[in-house]
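Dear colleague,

Please find below the structure that I am handing over to you. My notes on it follow directly after the model.

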Amino acid sequence: FIFVLLLGLVFGFRIAVNAGWLNETMRIVIGFIVAGLFYFVGDKQIKKNHLALGKVLFVGFISTLMVTTFAMHILYEMISIGVAFPMNVAWIVLGLYLSRLHRSQAMGVMFAIAGYLIPFLVSGAGTSTTFIMVIGYELIYYLALLWFAVHHRYRIMYYVSMFFLHIVYLALLFAYMQLVDSLHVLLMAVGIMVQHEAVFLT
């Protein structure tokens, strides 16, 4: 039922946009309202002991926040990368908090993957400095996930976070192909070495 309802809402939203009934600001406001509704209904379902449905709605809540922030930054240019990046980080932190609160490793894994993708959801000047900052962010993010997974004994999340650091670094090489030099490759290699050392210590 909920998937049919969502499809109906998306279809109606597209009709309204195509007809020119909703301007860009209204679309963003609707995005945040929908996110709030996901959280509200998800919380109600959790309290009714409908845990699976409630957790899915919580994932929808965080995903909608991230997509809405993406639209504000990339599609409509309402906010800068300096605003969009911390907003997306805040959504991931909130998602991990919900994962901890409801003791759900599945939620944690989904939010962890989303966090790795944040640099790809925001745009900035394609400079060497930007590339270095992204490399550093991904490594720090991984170390935070490693601590979270070990602390809560989330074995699947532990391996997924470790695997995705390699995937993201490879994706960055392609995304910044024109800028890659020996310094960037060295920093990534150091990042992988730090990862392996952290794994060894845990």
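The confidence score used here, pLDDT, is the predictor's confidence in each residue, on a scale from 0 to 100. This is a predicted model, so local features need pLDDT of at least 70 and side-chain atom pairs count only at pLDDT 80 or more, while totals for chains, interfaces and linings use all residues. Residues are numbered from 1 along each chain as its sequence is written, and side-chain values use heavy atoms, with hydrogens and water left out.

For the protein chain the mean pLDDT is 82, and 89% of residues reach 70 or more. Confidence is lowest in helix 1 (residues 2-18), with a mean of 63, and highest in helix 2 (residues 24-47), with 90. Helices (H or I, at least four residues) and strands (E, at least two) are DSSP runs numbered from the N terminus. The chain contains nine helices and zero strands.

Of the 202 residues, 39% are buried; buried means under 20% relative accessible area, exposed over 50%, and partly exposed in between (1.4 Å probe, protein chains only). Where contacts (heavy atoms within 4.5 Å) link residues at least 6 apart in sequence, 68% of them join residues at least 24 apart.

Turning to the interior, a nonpolar core is a set of buried Ala, Val, Leu, Ile, Met, Phe, Trp, Tyr and Cys residues joined through side-chain atoms within 4.5 Å. The largest such core has 46 residues, and Tyr-116, Met-157, Tyr-169 and Leu-172 have the most contacts inside it. Helix 7 gives the most to this core, with eleven residues. Leaving aside residues up to four places away in sequence, Tyr-169 touches Ile-135, Glu-138, Leu-139, Met-188, Gly-191 and Ile-192. A second, separate core of six residues has Ile-28, Met-72, Tyr-76 and Ile-79 among its members.

Thr-64, in helix 3 (residues 51-75), counts as buried because its relative accessibility is 16%. Beyond residues up to four places away in sequence, Thr-64 touches Gly-31, Val-34, Ala-35 and Phe-38.

Helix 9 gives the most to the patch, with four residues. Val-190 lies in helix 9 and counts as partly exposed, because its relative accessibility is 39%.

With kind regards
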